[in-house]
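Good morning, and thank you for joining. I would like to walk you through selected contacts in one structure, which is now shown.

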Amino acid sequence: PPPKTSDTPPVQWVRDEITSIVESHNPQPALHVRLFLRRNATTPPSAYANSADGYAVTYRLIDPDGQTWLNWRQPIDLTLAPAAWGADASAALYWVDMVMPVPLGLPVLPYRLQVLAQAAGQPAQRHERTLDADTVARLFRITHWPTSQPLAEGGAASRLLKHEFAASLRPGDYLPLALTWQVGRADAAGWATQVRLAPLPLVNGPTVQATTGAAADLTAYVGQPLRQQASLQVPPTAAAGWYWLGATRQRGEQTLDWHWLGLVQVRDYAPAPLPPPSQVPLNAKIGELSVLGYDVDTPLTGLRPGSRLQFRTQWRVNDTPSRDGVLFLHILGPDGKLAAQHDSPPLTPDGLRPTQTYRAGEGIQQPQPVTLRADAPAGEYRILLGVYDLSGGQRWPAQRNGAPAQDDLVELGRFVLGR
């Protein structure tokens, strides 16, 4: 039995049995699990008899790199326990039969199998054991498939069973893609998959592509599923519209086959309004952006080491930026060294937004929190604002009141830090 972390759960996890049975009626291959429970001797039956969802068990399968392949939770209905179960808690066991999904494309590796039990929503028990590669091959590898048609035929050697991708995204977003193949004997030498996202004829824009790593030896996967993952970025300058997504399997320079995966919609960002007037107005420009001013939630007097300041800088877009930029606010100490900083692309309620997606007349209100070090020395500090390229780190040209700003940094103000 695994160690208990609480004396209050109505039942105790004892052990389980996992059997490699593929459920033919289940749309996804699954395993049969029989879970054995024992009633807590110190808890009366009334504590669980009326609880339909008070006890639950989660199974997690984690590979050597820390990636979770299975995170499956199922509640246990304790009202179905036999009446005799409450008579002798030390002797009577109660078992529950469950169906656990098989992770498609699971590589043959050793894994950590975690079993987490919960009672009334609170952690009750935790147990972990290691599954060696032979056990994984015996239990979690699929020996036959349910009767179903593949999404596409891939030549004579393999077939594409399943593909997953986001159907809608915005310029600058990353498109994650997962492909699950059934490997044929002719593919034992391995292949790489090239994924392409291209605009339809009525949309002007570049083709984007990404390539997965090639598997050196697929012998262990013959007749089995293999999962490949890729990620490609929609260019920030991509026009809104529909794009087609395709995948090509390649071995070296040889193209094995081509698969049509579907359509992806690229949606434009909603226009960002100009921010409200600033507490401290400014007349400055950085690249294609105008700095309108800034707000701060704490007076810049009487500050001490460890103080946290919440700045909000206000910007207006004059022209669409030609580069993807990072807006930064730096605080330099009396020794000229960096004392605090906040660096980030423009933040919106929906997340980060590349500067190249902004149009003339839009606005940016950038939250820029900074925290002074606990050992910050006393003296005068400078607050500086700027923008640099996300790729390469080159600063954008800056000016203040029509004159070039030193080091392309716009000074917002100064404050004195005491002790």
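Trp 258 has a relative accessible area of 45% and is therefore partly exposed, whereas Trp 244, at 18%, is buried; buried means under 20% relative accessible area, exposed over 50%, and partly exposed in between, with a 1.4 Å probe and protein chains only. This is a predicted model, in which local features need pLDDT of at least 70 and side-chain atom pairs count only at pLDDT 80 or more, while totals for chains, interfaces and linings use all residues. Residues are numbered from 1 along each chain as its sequence is written, and side-chain values use heavy atoms, with hydrogens and water left out.

A search of the whole structure gives 7 aromatic pairs (ring centres of Phe, Tyr or the six-membered ring of Trp within 6.5 Å; planes under 30 degrees apart are stacked, over 60 edge-to-face, the rest tilted). One of them joins Phe 36 and Trp 95: the centres are 6.3 Å apart and the planes at 50°, so this pair is tilted. Phe 36 is buried at 9% relative accessibility, and Trp 95 is partly exposed at 45%. How are the rings of Trp 244 and Trp 258 arranged? Their centres lie 6.3 Å apart with planes at 65°, so the pair is edge-to-face.

Finally, Arg 249 lies over the face of two rings: Trp 181, at 5.3 Å from the ring centre, and Trp 191, at 4.5 Å. The criterion here is CZ of Arg, or NZ of Lys, within 6 Å of the ring centre and within 35 degrees of the ring normal.
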